[in-house]
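Visitor: I'd like to learn how to read a fold by eye. Could you walk me through one?

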Amino acid sequence: MLKKNITESGIVDLYPHNIRAVGRAQIGVSRKTYSVTREKWHRHNGFYEIVICCGGSAYCEDVSGSFMLRPGNVLFFNEGAVHRYTGIRSFRYYNLLFGPELFGSVSGVFSFLPHLKEMFLSGKDSCVVRKLLEENDLSALVAILETMRSEQLSRRDGWEDAMFAECSRALIFLMRHCLDEGRSATGAFQIGKAVRLMENSAGCGMTVRQVAAAVKMSESSFRHRFLAMVGISPMEFLIRQRLHHAVMALAANMSISETAEHSGFKDVNYFCRQFRSRFDMTPLTCRRKIQSGEIDPSEMLDFD
């Protein structure tokens, strides 16, 4: 049943490009980053979907309403559940999709686990359930998902069996470790707070040590947990945010030195090296191409 403001013509049916037939099941995993709102409603017909939020924030809307997502949130969608993401702020998540035949291909293996019926077999067309993972559990799950991605990309001998095994492992892990909403996921939210702080103050030249202190973590623990949850180091994340600022400054026709200062880079030469390494062009060339219309600065803000 769809909400009154959702029509069939307004829904995009997405067939995941990374889905692979693994044995008798179809499985796919991806890591995504969104910086802008995805206005279109969408669904994945024929697939269950699990969304694991690792960084940033967003609102998920489905037929039952709207709710905020932050690091540690896990969403379980039934087959063909209609949803979209709005209010996005550097939203980073893993997306795990699999066909219902997965359960049949391992008949009996999942039947004894808690929450199976609640998460996957209720028959509802909305987001079935919203759960939380503690920080250490989120890090452990990310490691499993990264192993799946590696197998999916490499296709080394035996990759299908490895994908199938890791997917089953991820599902078992989720059913054993997910918490009901309202219970603690403190570490994940500390990292989420750090991400928002770095996004909002990238041009101020904050250091990783200052960010760690602001979220009441030791620098070493912060570096370790940030890397495990976000997938890149906090310094790498800071540089990316500063380069976001730099692109917009160049679009506003600032000089190279002004752009560097505005973006939190204290050394112009270091800024130019980082910019060229990331975008394969100098800041001066980028400014010229933006002014001539050769490139759209907004398309440069979603680099991975």
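Visitor: Which residue of β7 is the bridge partner of glutamate 49?

Guide: In this predicted model, the partner of glutamate 49 is phenylalanine 77. Two strands pair if DSSP finds at least two bridges between them. Here four bridges join β5 (residues 48–62) to β7, and the two strands run antiparallel. Before we go on, the ground rules: residues are numbered from 1 along each chain as its sequence is written, and side-chain values use heavy atoms, with hydrogens and water left out. Because the model is predicted, local features need pLDDT of at least 70 and side-chain atom pairs count only at pLDDT 80 or more, while totals for chains, interfaces and linings use all residues.

Visitor: How many helices and strands does the protein have?

Guide: Helices (H or I, at least four residues) and strands (E, at least two) are DSSP runs, numbered from the N terminus. This protein has 11 helices and 10 strands.

Visitor: Back to β7: which of its residues point which way?

Guide: Asn73, Leu75 and Phe77 point one way, and Val74 and Phe76 the other; all are buried. Buried means under 20% relative accessible area, exposed over 50%, and partly exposed in between (1.4 Å probe, protein chains only). Five of the five residues of β7 (residues 73–77) are buried, so the strand is largely enclosed by the rest of the structure. Across the protein, buried residues make up 51% of the 304 residues.

Visitor: And helices? Which residues of α4 are buried?

Guide: The general idea is that an α-helix has 3.6 residues a turn, so residues three or four places apart point the same way. On α4 the buried residues include Trp159, Met163, Glu166, Cys167, Ala170, Leu171 and Leu174. Serine 168 also lies in α4, and at 11% relative accessibility it counts as buried.

Visitor: What span is expected for α4?

Guide: The expected span of a helix is 1.5 Å times one less than its number of residues. With 19 residues, α4 (residues 159–177) reaches 26 Å from its first C-alpha to its last, close to the expected 27 Å. Helix α8 has 18 residues and reaches 26 Å, close to the 26 Å expected.

Visitor: At what angle do the axes of α8 and α10 cross?

Guide: Axes are lines fitted to C-alpha atoms, for helices over the stretch in contact, and angles run from 0 to 180 degrees between N-to-C directions. The axes of α8 (residues 234–251) and α10 (residues 268–279) come within 11 Å and cross at roughly 95°. The two helices are therefore roughly perpendicular; angles under 35 degrees count as roughly parallel, over 145 as roughly antiparallel, 65 to 115 as roughly perpendicular and the rest as oblique. Contact means heavy atoms within 4.5 Å, and among the residues making it are Ile239, Leu243 and Val247 of α8 and Phe271, Phe275 and Phe279 of α10. As for burial, 14 of the 18 residues of α8 are buried, so this helix is largely enclosed by the rest of the structure.

Visitor: Where do I find serine 90, and is this residue buried or exposed?

Guide: Serine 90 lies in strand β8 (residues 83–98) and is buried, with a relative accessible area of 11%. Its phi is near 45°, a positive value in a residue other than glycine. Arginine 155 has a positive phi too, near 50°, but sits in the loop between α3 (135–154) and α4. Arginine 155 is partly exposed, with a relative accessible area of 44%.
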